[in-house]
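This report is meant for a reader who is meeting the structure for the first time. Please keep the sequence and the model in view while reading.

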Amino acid sequence: MGHDWDGYISILDAARINDHCRIHCSNPSCDHAGRLDFAPIINRHGPNVGLGKILRTLRCQKCGQRGAFPITLPGTKENPARPIYCPLSGRSTHRCDPLGECKDGCRLG
Ligand SMILES: [Zn+2]
């Protein structure tokens with residue numbers, strides 16, 4: 001398959017949007033989908049690993065195919081995003097602190 005897994009953003013950038021994303025199986029005839037939490041990946045590989053590199057190695061629990069496509073979740077009013085890293089530019093691995101420093105709008109950036 002010619003999918004460009006390396007064209008994806010890093011876990012760091014993904015974790016600025018939310019603390020997880022939805023993923024679905026790369027097999028077009030399989031409908032398996034799940035949730036990918038970023039925190040365990042960051043703990044294991046660090047924040048600069050490419051999201052595509054991780055997605056490429058995932059194996060579907062239903063059909064056994066390798067590879068998953070991400071659906072990023074920016075969050076809604078009912079289900080607000082909970083970014084791990086502050087989305088403010090120039091503070092690359094600043095942990096988002098929604099109750100303190102980031103209270104007044106880090107998500108606007
Ligand atoms: Zn599958």
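Predicted model: local features only at pLDDT ≥ 70, side-chain atom pairs only at ≥ 80, totals over all residues.

Residues are numbered from 1 along each chain as its sequence is written, and side-chain values use heavy atoms, with hydrogens and water left out.

**Overall architecture**

The secondary structure comes to three helices and three strands, and from the N terminus on these elements follow the order α-β-β-α-α-β. Helices (H or I, at least four residues) and strands (E, at least two) are DSSP runs, numbered from the N terminus. Of the 109 residues in the protein, 35% are buried, where buried means under 20% relative accessible area, exposed over 50%, and partly exposed in between (1.4 Å probe, protein chains only). Among the contacts with a separation of 6 or more, 59% are made by residues 24 or more positions apart, a contact being heavy atoms within 4.5 Å.

**The strands**

Strand β1 (residues 20-25) is joined to β3 by four bridges, and the two run antiparallel; β1 is also joined to β2, by five bridges, and this pair is antiparallel as well. Two strands are taken to pair if DSSP finds at least two bridges between them. Opposite I23 stands P70, which belongs to β3. Strand β3 (residues 68-71) has a covered face made of A68 and P70, while F69 and I71 make up its uncovered face. In strand β2 (residues 33-37), G34 and L36 form the covered face, and A33, R35 and D37 form the uncovered one.

**H20 and D19**

H20 lies in strand β1, whereas D19 is found in the loop between α1 and β1. H20 counts as buried because its relative accessibility is 14%, and D19 is buried too, because its relative accessible area is 17%. The side chains of H20 and D19 are joined by a polar contact of 2.7 Å; such a contact is a pair of N or O atoms within 3.5 Å, of which, within protein, one must be able to donate a hydrogen and the other to accept it, and residues adjacent in sequence count only if both atoms are side-chain atoms. Not counting residues up to four places away in sequence, H20 touches R35, L36, D37, F38 and L73. With neighbours within four places in sequence left aside, D19 is in contact with several residues, including A39, R82, P83 and I84.

**The zinc site**

The zinc ion is coordinated at 2.3 to 2.4 Å by the SG atoms of C25, C30, C60 and C63, where donors are N, O and S atoms within 2.8 Å of the metal (3.2 Å for Na, K and Ca), and sites may look incomplete since water is not among the atoms. Along the chain these donors follow the spacing C-x4-C-x29-C-x2-C. The angles among the four donor atoms are 100 to 118°, and the site is tetrahedral, a class that asks of four donors that all angles lie between 85 and 135 degrees. C60 counts as buried because its relative accessibility is 10%, whereas C63 is partly exposed, with a relative accessible area of 34%. G64 lies in the loop between α3 (51-57) and β3, and its C-alpha atom is separated by 9.9 Å from that of C30, 34 residues apart along the chain.

**The aromatic cluster**

The structure holds two aromatic pairs, listed below; rings of Phe, Tyr and Trp (its six-membered ring) pair if their centres lie within 6.5 Å, with planes under 30 degrees apart counting as stacked, over 60 as edge-to-face and the rest as tilted.

| Pair | Centre to centre | Angle between planes | Class |
|---|---|---|---|
| W5 and Y8 | 6.1 Å | 35° | tilted |
| W5 and F69 | 5.6 Å | 15° | stacked |

W5 counts as buried at 13% relative accessibility, while Y8 is partly exposed at 25% and F69 is partly exposed at 22%. W5, Y8 and F69 form one aromatic cluster.

Methods: Tetrahedral: all angles 85-135°; square planar, octahedral: opposite > 155°, others 65-115°.
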